[in-house]
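The following paragraphs lead the reader through a single structure, one element at a time. Please keep the sequence and the three-dimensional view at hand while reading.

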Amino acid sequence: MAEVTLRVRIRGQVQGVFFRQSTLDQARRLGVRGWVANRSDGSVEALVAGPADAVQRLVDWAHRGPEPATVDSVETTEDPEAEVPAGFEVRSVA
């Protein structure tokens with residue numbers, strides 16, 4: 001199974017709605033590695049690495065997010081050179 005590393009930027013009402021914690025829960029359930037953090041511009045950024053199908057499932061979930069979130073857009077870019085942690089973690093600010 002091919003592994004991919006994506007940088008994901010989520011915009012909308014995505015801070016203060018448990019988006020980071022919900023992303024952590026989804027990532028652990030899917031078995032992907034990386035991190036998620038708030039950005040100073042009000043968006044959320046994540047680095048997600050793992051099997052392509054699992055990474056895509058997390059990206060698909062990010063289009064909805066947790067129930068109180070309102071997602072306006074999700075942008076993804078491949079980032080094969082990124083340093084990826086062994087697990088998945090929540091960071092305060094990217």
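In this predicted model, the buried residues of helix α1 pack against β1 (3-13), β2 (33-38), β3 (44-51), α2 (52-62), β4 (70-78) and β5 (88-93). The residues of α1 that are buried are F19, S22, T23, L24, Q26, A27 and L30. The helix itself comprises residues 19-30, twelve in number, and spans 16 Å from its first C-alpha to its last, close to the 16 Å expected at 1.5 Å a residue. Just beyond α1, G31 adopts a positive phi of about 75 degrees.

T23, a member of α1, has a relative accessibility of 4% and, because buried means under 20%, it counts as buried. What does T23 touch, leaving aside residues up to four places away in sequence? Its contacts are V36, L58, W61 and F88.

The strands may now be considered together. Five of them form an open sheet with mixed pairing, in the order β4-β1-β3-β2-β5. At its edges stand β4 and β5, each of which pairs on one side only. On average, neighbouring strands of this sheet are turned by 20 degrees against each other, direction ignored. The strands β2 and β5 run parallel and are joined by five bridges. W35 stands opposite E89, a residue of β5.

Helix α1 lies across β1, β2, β3, β4 and β5, and it runs at about 165 degrees to β5. Helix α2 packs on the sheet as well, where it touches β1, β3 and β4, and its direction makes about 155 degrees with that of β3.

Within α2, the buried residues are A54, V55, L58, V59, W61 and A62. Seen down the helix axis, these buried residues of α2 fall within an arc of 160 degrees, so they line one face of the helix. The buried residues of α2 pack against β1, α1, β3 and β4.

Another residue of α2 is R57. Is R57 buried, partly exposed or exposed? Its relative accessible area is 44%, and R57 is therefore partly exposed. R57 and L30 are 27 residues apart in sequence, while their C-alpha atoms are 7.9 Å apart in space.

Technical notes:
Residues numbered from 1 in each chain as written. Predicted model: local features only at pLDDT ≥ 70, side-chain atom pairs only at ≥ 80, totals over all residues. Heavy atoms only, no water. Helix = DSSP H or I, 4+ residues; strand = E, 2+ residues; numbered from the N terminus. Expected span 1.5 Å × (residues − 1). Buried < 20%, exposed > 50% of the residue type's maximum accessible area, 1.4 Å probe, protein only. Contact = heavy atoms within 4.5 Å. Arc of directions from axis to C-beta. Pairing = 2+ DSSP bridges. Axes fitted to C-alpha atoms, helices over the stretch in contact; angles between N-to-C directions.
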